[in-house]
Amino acid sequence: YLDKAAFAAAQEIKLEEYWLDKLSGVLEKIHFPYDEAAGPETGRFIQQIKFNLDGELFSRLIKVCRNSDIRVYIFLLTVVVMLLNKYSSAQDIIIGSPIFKQDKDEALVNTVLVLRSRLESQMKAKELVLQLGTSVFEAIENQNFPREMLLEELSMTGENNESPLFDVGVLLENIHERKYLEHIK
């Protein structure tokens with residue numbers, strides 16, 4: 001028999017173990033050849049790339065994803081990971097993504113999920129879609145572990161609201177709130 005406090009402690013240990021396992025090893029951010037060209041004096045900036053899908057391409061995407069916003073999100077997330085891999089040659093890619101929209105604006109433990117993809121040579125796109133789908137649902141299931149505690153356990157700091165874990169964030173406006181990601185540079 002576990003009382004509420006013991007149950008909560010066991011849950012926190014489970015969450016901590018999940019994230020420490022998921023983020024074990026060397027964590028490298030995505031770097032492109034032009035990232036440092038401007039020099040450190042210019043500081044960091046956020047660049048947003050927005051695009052709308054319409055017409056035949058949109059219809060085909062919706063059909064493939066069976067009219068599910070979550071499946072569309074995972075499909076588009078896969079495309080982003082594949083592009084990052086192609087442009088940077090990185091095979092271990094970490095992306096931040098906001099939690100799903102909430103019915104109530106309560107005090108949330110985390111508003112951003114960390115999604116890690118490990119691409120293997122000759123990996124098929126379908127395998128990556130399945131891997132990312134699993135990563136998304138596991139991250140959602142384990143989202144209640146405080147980001148600050150995770151960074152502390154990983155011996156990382158998130159100074160000035162920067163994320164030491166990722167430089168790329170992805171959101172789909174149908175299922176995410178932009179405000180959940182805006183506090184991270």
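1. Read along the sequence, the elements of the protein follow the order α-α-α-β-β-α-α-α, which comes to six helices and two strands. The model under discussion is a predicted one, and the points below should be read with that in mind. Of the 185 residues in the protein, 34% are buried. Among the contacts with a separation of 6 or more, 71% join residues 24 or more positions apart.

2. The buried residues of α1 are Leu 15, Glu 16, Tyr 18, Trp 19 and Lys 22. They lie on the same side of α1, because the arc they cover around the axis is only 160 degrees. Glu 17 and Asp 21, by contrast, are exposed on the other side of α1. As for partners, the buried residues of α1 pack against β2 (112-118), α4 (125-141) and α5 (147-153).

3. The pairing of α1 with α4 deserves a separate look. The axes of these two helices come within 10 Å and cross at roughly 145 degrees, and the crossing of α1 and α4 is left-handed. On the α1 side the contact is made by Lys 14, Leu 15, Tyr 18, Trp 19 and Lys 22, while α4 contributes Ser 135, Glu 138, Ala 139 and Glu 141. Sorted by class, the residues of this contact between α1 and α4 divide into four nonpolar, one polar and four charged.

4. Turning to α4 itself, its 17 residues should span 24 Å at 1.5 Å a residue, and the end C-alpha atoms are 24 Å apart, so the two values agree. Buried in α4 are Leu 128, Leu 132, Gly 133, Ser 135, Val 136 and Ala 139. Seen down the axis of α4, these buried residues fall within an arc of 165 degrees and therefore line one face of the helix. On the other side of α4, Lys 126, Leu 130 and Glu 141 are exposed. The buried residues of α4 pack against α1, α3 and β2, and one of them, Ser 135, was named above in the contact with α1.

5. What classes of residue make up the contact of α3 with α4? The axes of α3 and α4 come within 9 Å and cross at roughly 120 degrees, with α3 passing α4 in a right-handed crossing. In α3 the residues involved are Ile 70, Tyr 73, Ile 74, Leu 77, Thr 78, Val 81 and Met 82, and they meet Ala 125, Leu 128, Val 129, Leu 132, Gly 133, Val 136 and Phe 137 in α4. By class, this contact of α3 with α4 has 12 nonpolar and two polar residues and no charged ones, whereas the contact of α1 with α4 includes four charged residues.

6. Phe 75 has its place in helix α3, residues 69-88. Is Phe 75 buried, exposed or partly exposed? Its relative accessibility is 32%, so Phe 75 counts as partly exposed. Leaving aside neighbours within four places in sequence, Phe 75 is in contact with Leu 61 and Cys 65.

7. Arg 66, although not a glycine, has a positive phi of about 55 degrees, and Arg 66 lies in the loop between α2 (55-64) and α3. With a relative accessible area of 61%, Arg 66 is exposed. Ser 89 is likewise not a glycine and has a positive phi of about 65 degrees. The loop that holds Ser 89 is the one between α3 and β1 (92-98), and Ser 89 is exposed, its relative accessible area being 60%.

Methods:
Residues are numbered from 1 along each chain as its sequence is written. This is a predicted model: local features need pLDDT of at least 70, side-chain atom pairs count only at pLDDT 80 or more; totals for chains, interfaces and linings use all residues. Side-chain values use heavy atoms; hydrogens and water are left out. Buried means under 20% relative accessible area, exposed over 50%, partly exposed in between (1.4 Å probe, protein chains only). Helices (H or I, at least four residues) and strands (E, at least two) are DSSP runs, numbered from the N terminus. The arc is that of the directions from the helix axis to the C-beta atoms. Contact means heavy atoms within 4.5 Å. Axes are lines fitted to C-alpha atoms, for helices over the stretch in contact, and angles run from 0 to 180 degrees between N-to-C directions. A crossing is left-handed if the near helix is turned anticlockwise from the far one by less than a right angle, and right-handed if clockwise. Ala, Val, Leu, Ile, Met, Phe, Trp, Tyr, Cys and Pro count as nonpolar, Asp, Glu, Lys and Arg as charged, and the others, Gly among them, as polar. The expected span of a helix is 1.5 Å times one less than its number of residues.
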